Structure formats: C-alpha cells, structure tokens
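Thanks for coming. I will talk about pockets today, so please look at the model on the screen.

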Amino acid sequence: MEKCDVLIIGGGPSGSVAACKLLNAGFSVTILEKLDFPRFVIGESLLPRCNQILDENDLINTIESQNYMVKGGAIFINEEKKEQYIDFRNNLGQKWGTSFQVKREEFDNVLLESAKKLGADVRHGYEVMAYDNDKNQITAKDREGNIQEFEARFVLDASGYGRVLPKLMDLDIPSDLKLRNAIFTRVKGEFRRDGDAEGFIDIVIHDDNQAWLWVIPFSDGTTSFGVVCEEEYFTKTGLSKEAFFDKVISDHKYLKEKFEKAEKIAPVGIINGYSAAIKKMYGKGFALSGNATEFLDPVFSSGVTLALESSNKVAELIIKELKGEKVDWQKDYEDYMMIGINVFREFVYAWYEGKLRKIFFSAHKSEKIQQSISSILSGYVWDENNYFVKDTRQKIDALVSMIE
Ligand SMILES: Cc1cc2nc3c(=O)[nH]c(=O)nc-3n(C[C@H](O)[C@H](O)[C@H](O)COP(=O)(O)OP(=O)(O)OC[C@H]3O[C@@H](n4cnc5c(N)ncnc54)[C@H](O)[C@@H]3O)c2cc1C
C-alpha cells in the first residue's frame, strides 16, 4: 500500500493546478493519470480569469513563455456577416484582460510537468477503478494490468470526462441542458484578421441560432474549428459528420469566405451529450474539481476557467483541513463554485434562447453594460459589482425588454 497526503485522479489542468498549490504548501501529492501525455482533449480557448489563477499559483510565467496565441476577446458573427467584438480589456477594472488559445495536448503537458518539477509523483498509465471511502483507499490498474492500492489523507477527483468518483459513488445527475453535438477538426490556411484581432475567438451563429461554430486560431498557423448543435439538427440531415461540416461552411456567408483556401489537417471528431451535473462536490475525505463536477456547455469557453477556479479553491480548503482547521465545505466550496457556475448557466440558456444575440448586436447598450458583459465572458463571474452576477436571468430579460 502506497501512501501520500493527497491523491489526485487525473492530470488535466484541474489536477495539475491543485497539485501545484498543495505541493507549494508542503504536502505530498500523487497523481494517477490513465493516459500518456501529451494527449488530446477538446477545449482550447481560455479566459482571462485562468491567467489570474495561473498567476496566483506561480504558473503564469511558464505559460507566457510558451508563445501561445494571445486571445484578446471574442467576435460574434451572425448569418449576415455582421460582427460584434467583445474586447476582454474593456472589463470592470480586472487586471487580466487577455488570455490564450492553446492546444490542450501542449498546455496540459506544461502544467503537469510543472507539478512534477514541484515534486508530484505522477503515474501515467494508471486507471482508477475503485474507491473505499471509509479507508480513503484507491485501487488502480496499471498498463500491464497489475492492481495497485493507494491510501491518502485526502482524495481529489479531477478526472474530467472520466467522472470517476461520480460514477463510483453514484453522484451523477442529468444536466438540465439539452443534448448537443460538437463536431470538430483542425485546419490551416484560412483567412485571418490582422493585428490583435488575429487571436480573438470567432463565435459564428448559423441558421437562425440552430447551430454555432467556434474558430480558435493557434500561434503555429493552425486553427481549431467546431460546430455545435442539437443532436437532431445533425441527424436529420442524414449526412456524415464530414459532409455536415462541409455543408455548414458552404451555407454560411462568412465561413464560406473565411475557409475558402483552408484545408483540414485532422480527422473530423464528434462528441455528444457532454453536459453533466452532480449531486455533491465533496464528502468525508474527498472532493471533486473541474469537469468531474458540472460541465455546462462550450459556448463561452468556461470549462478550463471553472476547472482552474475549482482546483485553486479546493486545494486551499484541503490545505486547511490537513492542517487541522475546520472547513465549511458546503459554504466555502460548493456554494462558492455554484455562484460562478450559475452565472455561466444563465448565459448559456440565454444564448440558446436567442436573448444574448439581441443584447450583443444591439447598439443601445451603455458602456457599463458592455464592460459587464466583457467581464462575464472573461470569467469574472464572482464579481458582485457586475450587473449580471446576481439575479442573472432577470437582468438579462430586463435588458432584452429594454432593447426590444
Ligand atoms: C465541445 C467542447 C468544447 C470545449 N471548448 C472549451 C474551450 O474552448 N475552452 C474551455 O475552457 N473549455 C472548453 N471545453 C471544456 C474543457 O474540455 C474542460 O472543461 C476541461 O478539459 C476540464 O479540465 P479537467 O482538468 O477538469 O479535465 P480533463 O482535461 O478532462 O482531464 C482529466 C484527466 O483525467 C484522466 N482520467 C480520466 N479517467 C481516469 C481514471 N479512471 N483514472 C485516471 N485518470 C483518469 C484523463 O485521462 C484526463 O487526462 C469544451 C468542452 C467541449 C465538450
């Protein structure tokens, strides 16, 4: 039986950032990671709030030195090619007004290597199979099929889409968001904007809001490109994912021009039913962070931000608990996380209900509202000075009524 202070399941951004914080506080950390790195994972566009958390954990210099594409904001583009810029620098006074577009196989590897440098015992090829909550023991299978046992003072599940403890402990609940598909690939040779705007993410509205597309430019000249729509919207076409992809491009005025000279450089992938929710984010001797908790929707690129926010917070609370201090997990972790998650949730709903496009494309917005939107889309969803942070739905509805 191997022993450590904190055992982390999963070496994605959530696991690595939590590990760095715990190691900096002097605790021993073992990370069990099923796969060899670098490994592909979807989710390549970050928000300024990520930079703040990386900064708080002394990781920002390492990330800045990777020469990733700087992301200054988002450009929403409608079916008529009308563009609406959201510049992250035009926020409510927050320090970080830009972030990065990253290939996750590279970004996640850099973070995991940082944890290793600080002393994390990272075991690749170890798949967690079972958890004994009474003894806080984890059973994992290594790549040769050998069974290994680990005992920890605290277990953190950062297994992302693996959702290890939610499955083992029956913590999963269905998400209240609709079942959607994401169909994606990487391309090169598309038309790019000049200057700072080159790094902005494009969020392209298609077919009266029935689908939207992301265009995420990387600094090596390649680009991530994906379509999101309800499952039925895709299946009723009867097309293969490749043909569906090509049809969406040729049907959209903006995309047709932008991708005229582009070529696909990766196979077209598909993910469906990715939204997930959870009964509880913590229990005696364990907690969940990142995508192992709740995953909403890709539209505002909130996934890695929520993953880093939760891992930063959970690590802070684990440190307290291991030092013998009392921790109010409900208030200081779950309630705290739900504030930010619920703001994004309301934005996601309002996006699919077509309300946000009315707001984004309206000329009748005060500068303060513009800054508040920019701040939310930058990931500053805990800032109580922001108009949208409390009673988010009512505030969005009030604004839409005013605009109409
Ligand atoms: C279509 C789509 C587009 C997205 N776009 C964006 C975006 O632009 N920006 C953004 O911020 N987010 C985006 N996301 C969300 C993003 O993918 C996730 O939020 C992010 O990867 C969460 O990080 P994590 O560290 O929690 O989990 P992960 O990155 O999934 O890492 C979890 C790790 O755990 C390991 N693991 C799993 N099971 C086990 C096991 N049994 N034993 C050991 N190890 C295990 C996995 O191998 C993995 O390495 C998108 C999501 C989707 C579905």
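From which domains does the lining of the largest pocket draw at least three residues each? Domain 1 (2-68 + 102-174 + 275-340) and domain 2 (180-272) each give at least three, with bounds from an automatic or database domain assignment.

Some ground rules. This is a predicted model, where local features need pLDDT of at least 70, side-chain atom pairs count only at pLDDT 80 or more, and totals for chains, interfaces and linings use all residues. Residues are numbered from 1 along each chain as its sequence is written, and side-chain values use heavy atoms, leaving out hydrogens and water.

A pocket here is an open set of points on a 1 Å grid over the protein atoms alone, where a 1.4 Å probe fits, with protein on both sides within 12 Å along at least five of seven lines; lining residues have an atom within 4 Å of a point.

The largest pocket holds about 900 Å³ of space, the volume being that filled by probe spheres set on the points, which are joined across faces, edges and corners. Its lining has 45 residues, and Val41, Arg104, Gly160, Tyr161 and Asn291 lie nearest the centre. Elements giving two or more residues to that lining include helix H1 (13-24) and strand S14 (211-217); these are DSSP runs numbered from the N terminus, helices being H or I of at least four residues and strands E of at least two.

The second largest pocket has about 290 Å³ of space. Of its 16 lining residues, Lys178, Arg180, Asn209, Glu230 and Tyr352 lie nearest the centre. The largest share of this lining, three residues, comes from S15.
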